[in-house]
Amino acid sequence: MKASRELFQKEVRQVLAGRCVKCHGGDKVESEFDLNTREALLRGGAGGSAINLEQVQESRLLALIEHRDEPRMPANAARLPDRQIAAIRQWIELGAAYDRPLIEKDASPDAWIARRIDPSQREFWSFRSLATVEVPDAPLADWGQNAIDRFVGQSLQQQSLTPSPPADKRALVRRLYFDLIGLPPSREEVEAFMADRSPNAYEALVDRLLESPHYGERWARHWLDAVRFAESHGFEQDYDRPHAYHYRDFVIWALNSGMPFDQFIRWQLAGDEWAPEDVQAWKATGFLGAGVFPTQLTEKEFESARYDELDDMIATIGTSMLGLTVGCARCHDHKFDPIPASDYYRLVANFTSAIRSNLELDLDAESSRRAISEWEQRHAPLAEELRAFESQQLGSRFEAWLSETRRKLAAGEAVPMADTPWIIASAAEAISKGGAVLTPQADGSFLATGANADFDTYTFVISTKASSITALRLEAMAHESMARRGPGRAENGNFGLGRIRVEAGPLEGTDPLAPVPIARARATFQQDGGNLSIASSLDDNPRSGWAVDPQFGKDHAAVFELAQPIQHAAGARIRVTLEFTVNNRHNIGRPRLAITRSSAADVAIDGAAQSQEMVDVAAVLAGKGELNEAQRDLLLRWYRSSDPEWKQRHDKLAASLAAKPVARLTPVMVVTEGRKPIPHHADDRGFPHFYPETHFLKRGDIAQKQGVARAGFLQLLDGRLGDTEESPWRFAAPSDAKSSYRRREFSSWITDAERGAGALLARVIVNRLWQHHFGRGIVATPNDFGAQGERPTHPELLEWLAGELLANGWKLKPLHKLIVGSAAYQQAAAARPDCLTADPENRWVWRHSPRRLEAESIRDAMLAVSGGLDRTLFGPGTLDENHKRRSIYFMIKRSRLIPAMQIFDAPEPLVSIGERPSTTVAPQALMFMNSTLVRTTAREFAQRVIAANNAAGDFPEAWIRDGYLRALARSPAEGELKAGSRFLLQQSERYQEAGQSAARDAALTDFCQVLLGLNEFIYTE
Amino acid sequence: MSLALENACHPDRRDWLRRAGGGAGLLGLAALLQDTGLLGTGLRPAQAAGGKSTTPLAPKPSHFAARAKRVIWLFINGGPSHVDTWDFKPELQKRDGQELPGFDRFTGFFANAVGPLMKSPFNFQPQGECGKPVSEIFPHLSRHVDKMAFIHSLFAKSNNHSPALFMMNTGFTQMGYPCVGSWTTYGLGSESKDLPAFVVMSDPLGRGLPKGYSLNWGAGFLPSVYQGTWLKPQGDPIDNLFRAKEMNDVQQRAQLDLLRELNLGHQARHPADDEFSTRIESFELAYRMQSAAPEAMDVDREPEHVRKLYGIDQEKCAHFARQCLIARRMIERGVRFVQIYSGGMENQRSWDGHSDIHGNHTQFALETDQPIAALLQDLEQRGLLDDTLVIWGGEFGRLPVAQKSDKPGRDHNPHALTFWLAGGGVKGGTSFGATDDVGHKAAVDPVDVHDLHATILHLMGLNHERLTFNLNGRDFRLTDVSGNVITPIIA
């Protein structure tokens, strides 16, 4: 029975579950025949017993599936493959054992939530821990470079196949360039390689290409397919995500920098929780948010849209990282792999509160840090100079000045300090309606910190002894605490003063304050002359008002001239109300108020100001009184600003301070928790972006919630002992954390090769590397390592490669080097008839299969050959089809995919794609014949050839030779040279006959276009 | 293939194409090319190195005998009102002005503009032998009701344009799934080698694309060769279709001859790898496509009486007439699937009659009535209707209650809509299913969009449960996990 059960697990279950049980025990029980369990199977159905354990061939089930009898099964479908029928027969012969029912049927409606998988289900080849594999002894004499070849050689021998001879050097160098960097070698690079006779010439070239920045561009593209990367939301409006390209840049950068693959994965899942100080870690989280999301939602769709979004994350993680179709377990237990639906919701729960945000980040923090430290070195001596002056000289200079001032006062002369137009109004009360903390500063301003409400209102109550007040000044002052140093608290440093109200009454008494109309206002700067002008802060429209974009990082001021002076003989109480109604969170960060007694229309907006205290000091001195400590100190501070010696030192310091380098911030789309979500159309209808808890959903239906799902992992890849053991991956969130750190825990699990999913993660990525080097994975279904996927052709090699990856610290580049260093990789491409018959798909790697370049490489290669390629790395993409950068820098807008990419099988970025098809259709040929891209490229290519071969006598042979070397890395054969010459001469004549002036150039353009159109140009061999 | 034969085949391409298009009638270009031996390797599914077919558009056998070989889907975009077109409701006349009890005001899009029941502003008269009552807005089409099988009990899944459009085209309300035309060409390949297999035409009067844009004819996760070719209403209709201006035919032919010669030399070194010869052939096909596609779209080649029949001389319907005529010329030449959208985006730019249902539907009926009627007649006369499936329908129906407005309209109704099918394998003059008395919901024999899709595939000889594509371990279908063929409408 054990053998029968094993066969059931290995082959039979899949057939019965996939082809039979739906109608026989699942949704229905056709002909009263149920094969969900062994008991039911033995019971048989309306047609009698189904299997005969004694005389197996007599079994009705076999008769029907072998089409020996009617009704033929499966109904309305092709006959099962012979291999499957044979397996079923053998299984019956062995006793028809089940390990468990085909479909779990639940006793209680929420039993599914508690479902535990059977530990034996972890024994499937891809779910096991990594095994230590011995490299086989060299099975093929005289063949092989490294361990890979011994595995491949062993398989070839077992299949009675023989390896192909090595490819010639020119073919090999071209193959290597396209595989590693996705670009062709230049003519010079080929010549240099051909000339290098040293034994390690090839290895040196491999090293050089792996260090090329273009390596990352090439291999990032493979990964971007697997993670459905795009830069728009999709759906109805397909809005752009202009800050999403940073994720693509992260992938390129990480691959180039040789980042270990486990870290590469951890950062994509939880970079914000692993390395919040590193901008690359933030960029990496774009992975989670690269999927589609509808921008037009009705209330009924809010929650289901969020579950769809979470499903997109989990399904993509499953296929791209683990080769598991986890998404299939959303509505029911996975049909083929041991993934209960409840596991699905536990996985989803790790991402419950993760949403897309745009954060302003310093993309080059290293440079910023360096600049600041350099500045600090320049700044420190200036600070020291001022400090020394103040401690050594300022005191005596002040004393001298004070006695001189007293003398002048005694003599009835004017002294300047009592004579400033503005008196700073120190408010007795300062209140923010929106909950900001307004802290008084030494200069009379208030610094707003804490809450920054959407539309805050500040109220200040001022007391003054001044008997007549003609105007009010509001300053909005810069401060380090604000974005771009303010002066507003909005994300860009702006503010918007929608309305200002002034009320006043006598200082003493309880009379209610009366409104004071404002006649006019003027400001140091206003954003425009219309809705963002100072005047518009006086109108009735709350959405218009004073703003100062783009003059950030400096102080601004506005004067409000009162229609009638406030006149109260004994002084006044004044309430000033500032309403920031123009835009969300556009509140002034550091306001200061001042009053004046001067003529309202004439008073200078930037006129000097002093505090009421200074006015008092002046009065004391005038009355020959003694100053107290505080007044003395105040006067000293006032004095020093008029002392040229102090001022000169102070100004130098202030100038230096103002020149302190500021980090340049760039918006980056990230996925994180606790930050502001990207705005959505439905925000004003209460769209929450996420729900605080993930529920178990029966049949994936939000109307059928069955309890809250706690974050967890896949049982089948959870190597902990029992359920009770604590998660070894837990990470206590720091006290100031905005996020839950659940994703960090999850990412630790997925990369843990000992007790988590790391072994599978390693198998999947080494298989991807193999696939992109050989055109076919060791597992031919790179996104499905489950029961429905293909089995590995070289299981031990895959296991060994995964082990190598771990042994060298998850670094990918050494693995590339190992693979391209193998004799298996360096084989010639020619098809040998005997091997081709035996193994047409080249599963056993008896040659190097010729492969068509991918869409990006086709275009990049044309640009490179024509000399037009712009090799700039990184940065925003473009939809301009005529741009000259590598194709990975096309912006990927879901509704405007680039035709030249699509036509050559670039996938739609909707779900994870592990393998592109390689189709050949006429529209591709039309592109090579007629497109602007190819014609332009051919023209530039021709110009390049002409420039390099100016001697007219060389026409046409030298030109042809040059074209071949540039395009194909080889010289033309005799026949090719002849055909090319004949064409160039005749085509020139034709153009001449047609009256074209530069007939020879035109003919050469046509010839260069032919080179680009050659099969040899877009295939590697 | 020798160059001599190549040239012999089309010494004068115009003449050659006339033979293919006009004289040869049903004979698609592929058949012609096969006869002359031109498609030697092209039609044979070649094996790429990875074992995958590199000629994905090669004709493939259907699962069983097909009743229809090709489809023309007239997509009545924006949601035509069934109760004002084909689904006559006497009860609605009677109850005009009354409240509809129990009506959920969130059914449509504008919950705050719900009015009472509103009778159709149009007269209905029985037509044809079957006596089908038809709205007066279809004076031409009403003469063809005996060719049509009506499905009145269809219901949609969404009350929002783009999800409903996606549902109708792909079977899913989410974006990114392959559409019916893609599934069909994936299943059957193409009969035409020098025209696209699947062609889409949209509003040429500047009223925009249907909501959700090109995703409505996208191939989703199927290889991109199966996506619809959108004939752009402005500029070159197909990318790269025309030779560069500085080059003439002789020059291009000479260039392609050199390309061919050099590629054949390369192929001689790789005789076993079929994909190289497939690509060599693809250039020949592309070369022919340069003239075949413009020829197929050139309705000026049609005789005067045919042009008049479609209404090309009528200002109101000239644009749609032209598209219907192109559709006929396309399917004549072996194109598998043609979809024409009537109207552009929402509101008055399509059949989306939120306000003034009378004016809206009068206008769009006028734009399409004569051309579609002519298409049916023309197909019939040419013997093409027997194996061409013509489909009329949009993304949802409209409500029997008024949407309040200066001139009242009707809001979206996902609960009921009418489709008609005609031609290939369809039982004409039948009506399947019914809505309730006022046309609010599908009431008798309700069928969903999957059932409609299953029926279309069935008529094409495809079993919707067997037409699958494995993506990341799951077998996807156009009909997801449901779908029943609506057999009563099949002849």
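**Helix packing, sheets and chain contact**

Student: Are H29(A) and H7(B) roughly parallel or antiparallel to each other?

Tutor: This is a predicted model. In it, helix H29 (residues 974–993) of chain A packs on H7(B) at an angle of about 180 degrees, with the axes 11 Å apart. Angles over 145 degrees count as roughly antiparallel. H29(A) and H7(B) are therefore roughly antiparallel.

Student: How do the residues of the contact of H29(A) with H7(B) divide by class?

Tutor: H29(A) brings A:Gly975, A:Glu976, A:Ala979, A:Phe983, A:Gln986, A:Gln987 and A:Arg990. From H7(B) come B:Val250, B:Gln251, B:Ala254, B:Leu258, B:Glu261, B:Leu262 and B:Gly265. By class, these residues are six nonpolar, five polar and three charged.

Student: Which element gives the most residues to the side of chain B that touches chain A?

Tutor: The contact takes 64 residues from chain B and 65 residues from chain A. On the chain B side, the elements that give two or more residues are helix H7 (249–269) and helix H8 (274–297). That side has 25 nonpolar, 26 polar and 13 charged residues. With 11 residues, the element that gives the most is H7(B).

Student: How are H7(B) and H8(B) oriented to each other?

Tutor: Their axes lie 9 Å apart, at an angle of about 170 degrees. Among the residues that meet are B:Leu256 and B:Leu259 in H7(B), and B:Phe276 and B:Ile280 in H8(B). By class this contact has seven nonpolar, four polar and one charged residues. Because of the angle, the orientation of H7(B) to H8(B) is roughly antiparallel.

Student: What distance separates the centres of domain 3 and domain 4 of chain A?

Tutor: Chain A is divided into domain 1 (2–103), domain 2 (214–362 + 670–815), domain 3 (421–607) and domain 4 (929–1020). Taken over C-alpha atoms, the centres of domain 3 and domain 4 of chain A are separated by 73 Å.

Student: Which are the edge strands of the six-strand sheet of chain A?

Tutor: The sheet is open and its pairing is mixed, with the strands in the order E10-E11-E7-E13-E2-E14. Neighbouring strands are turned against each other by 30 degrees on average, direction ignored. An edge strand pairs on one side only, and here the edge strands are E10 (518–523) and E14 (609–611) of chain A.

Student: Which residue in E11(A) stands opposite A:Ala471?

Tutor: Strand E7 (residues 468–476) and strand E11 (residues 556–567) of chain A run antiparallel and pair over eight bridges. The residue in E11(A) opposite A:Ala471 is A:Glu561.

Student: Which strands form the edges of the five-strand sheet of chain A?

Tutor: This open sheet has antiparallel pairing and the order E3-E6-E12-E8-E9. Two bridges join strand E8 (residues 499–506) to E9(A), and A:Glu503 stands opposite A:Pro515 in E9(A). Each edge strand pairs on one side only, and the edges are strands E3 (427–432) and E9 (514–515) of chain A.

Student: Which residue in the turn between E4(A) and E5(A) has a positive phi?

Tutor: Strands E4 (residues 436–440) and E5 (residues 446–450) of chain A run antiparallel and are joined by five bridges. A:Ala436 has A:Gly450 in E5(A) as its bridge partner. The two strands form a hairpin with five residues between them, and the turn residue with a positive phi, about 90 degrees, is A:Gly444.

Student: How many residues of H14(A) are buried?

Tutor: Helix H14 (residues 341–349) of chain A is mostly covered. Its buried residues, including A:Tyr344 and A:Leu347, pack against helix H13 (302–322) and E16 of chain A. The number buried is nine of nine.

Student: Does A:Glu693 count as buried, partly exposed or exposed?

Tutor: A:Glu693 lies in the loop between strand E15 (665–672) and strand E16 (695–697) of chain A. Leaving aside neighbours within four places in sequence, A:Glu693 is in contact with A:Thr352 and A:Val708. A residue is buried with 20 or more C-beta neighbours within 10 Å and exposed with 12 or fewer. A:Glu693 has 13 inside 10 Å, so A:Glu693 counts as partly exposed.

Methods: Residues are numbered from 1 along each chain as its sequence is written. Chains are lettered from A and ligands numbered from 1 in the order in which they are written. This is a predicted model: local features need pLDDT of at least 70, side-chain atom pairs count only at pLDDT 80 or more; totals for chains, interfaces and linings use all residues. Two residues are in contact if their C-beta atoms, placed from the backbone, lie within 7 Å. Helices (H or I, at least four residues) and strands (E, at least two) are DSSP runs, numbered from the N terminus. Ala, Val, Leu, Ile, Met, Phe, Trp, Tyr, Cys and Pro count as nonpolar, Asp, Glu, Lys and Arg as charged, and the others, Gly among them, as polar. Axes are lines fitted to C-alpha atoms, for helices over the stretch in contact, and angles run from 0 to 180 degrees between N-to-C directions. Angles under 35 degrees count as roughly parallel, over 145 as roughly antiparallel, 65 to 115 as roughly perpendicular and the rest as oblique. Domain bounds come from an automatic or database domain assignment. Two strands pair if DSSP finds at least two bridges between them.
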